[in-house]
Amino acid sequence: MFATHQFTQVVSLKTTTTRSTTTKASSRRASVRVLAVDAAPKATSSSSLNTTRSAEIFKAAQDILPGGVNSPVRAFKSVGGQPIIFERVKDAYAFDVDNNKYIDYVGSWGPAICGHANERVNKKLKEQIDKGTSFGAPCELENTLGQMVIDTVPSVEMVRFCNSGTEACLSVLRVMRAYTGRDKIIKFEGCYHGHADPFLVKAGSGVITLGLPDSPGVPAAATNTTLCATYNNLDEVKALFAEHKGEIAGVILEPVVGNSGFIVPDKEFLQGLRDVTKAEGALLCFDEVMTGFRIAKGCAQEYWGVTPDLTTMGKVIGGGMPVGAYGGRRDIMDMVAPAGPMYQAGTLSGNPLAMTAGIETLSILAEPGQYEYLDKITGRLIEGILKAGRDNGHAVCGGHISGMFGFFFQEGPVKNFTDAAKSDTEKFGRWHRAMLEEGVYLAPSQYEAGFTSLAHTEADIDATIAAAQRAMARI
Ligand SMILES: Cc1ncc(COP(=O)(O)O)c(C=O)c1O
């Protein structure tokens, strides 16, 4: 369904204390053996998963919330079974309402890079709460986090904070159009940029998972300026620029895809996008809502050595609080009101709680060795999972960069969404269930990336690999 639209203009459509009070890599590694299990239930062993209370709560939720959830992928539709209802999270673990403990590789879909309920972030948040949760007026914390972003992210000379990744992406689209005076944009099949109308075209995980080609309620007028190309295919992009000469405002993409599963771009593809946008007078935007501060301190753009004109951010930059941000070259960001005429606003934008959580999270990530640690444990994790698959006769392929990983039930290689869609999703459903029973919480879709955190210990990785061997043997 997605493939048939390629390249077309779219018109429709615990000792707890020692471990958690510090995040310094050395202390973390020294304390990894001392887990929080004394105060916590044990990880669930095979086929002993009791989810009675989760089932009751989810049943009640169906009458209260559409589909029982506030974001579709949480409903476990693509893996079958019922969602697990969490009661609390701490470090690398999630605890459900039936007292099961899971090693968590979702991490609230990315923000929990320092581990859940990180002591340092929490301490700062508690201090801030007493000073007020929202000012609706400027505060110095906005300068502090803004400067940290400017100092770290190569493309960002000015930044505007908002409240979600969706908001960041829809705002950056407006900036691209305002700056260039052009309407059309290019996105890539399988990339997700939030749920604003113009982006709900071949939009990756959530939409794929539900089997919806697009969403009803999105008028043709909202998407008929959205051009769609195949990820990692520069020729298609060049052809679109040739066909729509002087009409394309910019190109937006995930600089490592996480919303069609984990897909890595060719460096030449990214560099080619940089070159073609520049030559055509269009803007290049990296949507780093997922990859920002996760792939590397300076985001994916630093990792790849390709600097876009604009960048969107979210997730990690809010340290677990609702936040989004977009930034880029000063002359472009000067378009944004009140500096310039492009209107964008937000009641809770830059609120002191989100800024505080972001500042502390980025401070922790700036300490030496953090990304090396994430890369090391995540590499070991994905190698272990792939080996478990192959040892048990399954076709698998996958990879990682820093604390982001993923694998597909197929031989690969996977370079774009059409490749990803060849995966055995039924097997993924069985795998997901088997890992839940082993006490490992994975994203409930083949088309989502996984995330590790600084709180994941070597022992957690070993336990997960051992669980993967057992799970792969029985699916
Ligand atoms: C790359 C990317 N862009 C944008 C978004 C939308 O962010 P939010 O869910 O905060 O609106 C997401 C969400 O997962 C994302 O992964």
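Start by selecting Cys169: it is buried, with a relative accessible area of 0% (buried means under 20% relative accessible area, exposed over 50%, partly exposed in between, with a 1.4 Å probe and protein chains only). You'll find Cys169 in helix H6, residues 165-180. Helices (H or I, at least four residues) and strands (E, at least two) are DSSP runs, numbered from the N terminus.

Before going on, some ground rules. This is a predicted model, in which local features need pLDDT of at least 70, side-chain atom pairs count only at pLDDT 80 or more, and totals for chains, interfaces and linings use all residues. Residues are numbered from 1 along each chain as its sequence is written, and side-chain values use heavy atoms, with hydrogens and water left out.

**Around Cys169**

Which residues does Cys169 touch, leaving aside those up to four places away in sequence? Show His193, Phe199, Asp287, Val289 and Thr312, where contact means heavy atoms within 4.5 Å.

**The ligand**

Next, select the ligand and the residues around it: Ser164, Gly165, Thr166, Tyr192, His193, Gly194, Glu254, Asn259, Asp287, Val289, Met290 and Lys315. Each has a heavy atom within 4 Å of the ligand. Colored by class, this shell shows three nonpolar, six polar and three charged residues. Here Ala, Val, Leu, Ile, Met, Phe, Trp, Tyr, Cys and Pro count as nonpolar, Asp, Glu, Lys and Arg as charged, and the others, Gly among them, as polar.

- Thr166: a polar side-chain atom lies 2.6 Å from a ligand oxygen.
- Gly165: a polar backbone atom is 2.8 Å from a ligand oxygen.
- Asn259: an N or O atom of the side chain is 3.0 Å from a ligand oxygen.

Taken alone, the ligand exposes 380 Å², and the protein buries 81% of that. Accessible areas come from the Shrake-Rupley method with a 1.4 Å probe; for residues, only the protein chains shown count as cover.

Stay on Asn259 for a moment. It sits in the loop between E7 and H10 and counts as buried, at 7% relative accessibility. Show Glu254 too: a polar contact of 3.0 Å joins the side chains of Asn259 and Glu254. A polar contact is a pair of N or O atoms within 3.5 Å; within protein, one must be able to donate a hydrogen and the other to accept it, and residues adjacent in sequence count only if both atoms are side-chain atoms.

**Helix H9**

Select residues 234-243, which make up helix H9. Which of its residues are buried? They are Leu234, Glu236, Val237, Leu240 and Phe241. Look down the axis of H9 and these buried residues fall within an arc of 160 degrees, so they line one face of the helix; the arc is that of the directions from the helix axis to the C-beta atoms. On the other side of H9, Asp235, Ala242 and Glu243 are exposed.

To see what covers the buried residues of H9, show strands E5 (184-188), E6 (226-229) and E7 (248-253) and helix H10 (267-279), which are included in the cover. At the N-terminal end, Asn233 caps H9, with a side-chain oxygen 3.2 Å from the backbone nitrogen of Asp235. One step back is Asn232, in the loop between E6 and H9. Its phi is near 70 degrees, a positive value in a residue other than glycine.

**Helix H4**

Jump to residues 119-129, helix H4, where Val121, Leu125 and Gln128 are buried. Seen down the axis of H4, they fall within an arc of 60 degrees, so they line one face. The face turned away carries the exposed residues Lys123 and Lys126. Cover for the buried side includes helix H5 (140-152) and H13. Asn118 caps the N-terminal end of H4, with a side-chain oxygen 2.9 Å from the backbone nitrogen of Arg120.

**Last stops**

Select Pro338, in the loop between H12 and H13; the peptide bond to it from Ala337 is cis, with omega near 10 degrees. Pro341 lies in that loop between H12 and H13 too, and is exposed, with a relative accessible area of 70%.

Finally, zoom out: the protein chain has 17 helices and 14 strands, and 58% of its 475 residues count as buried.
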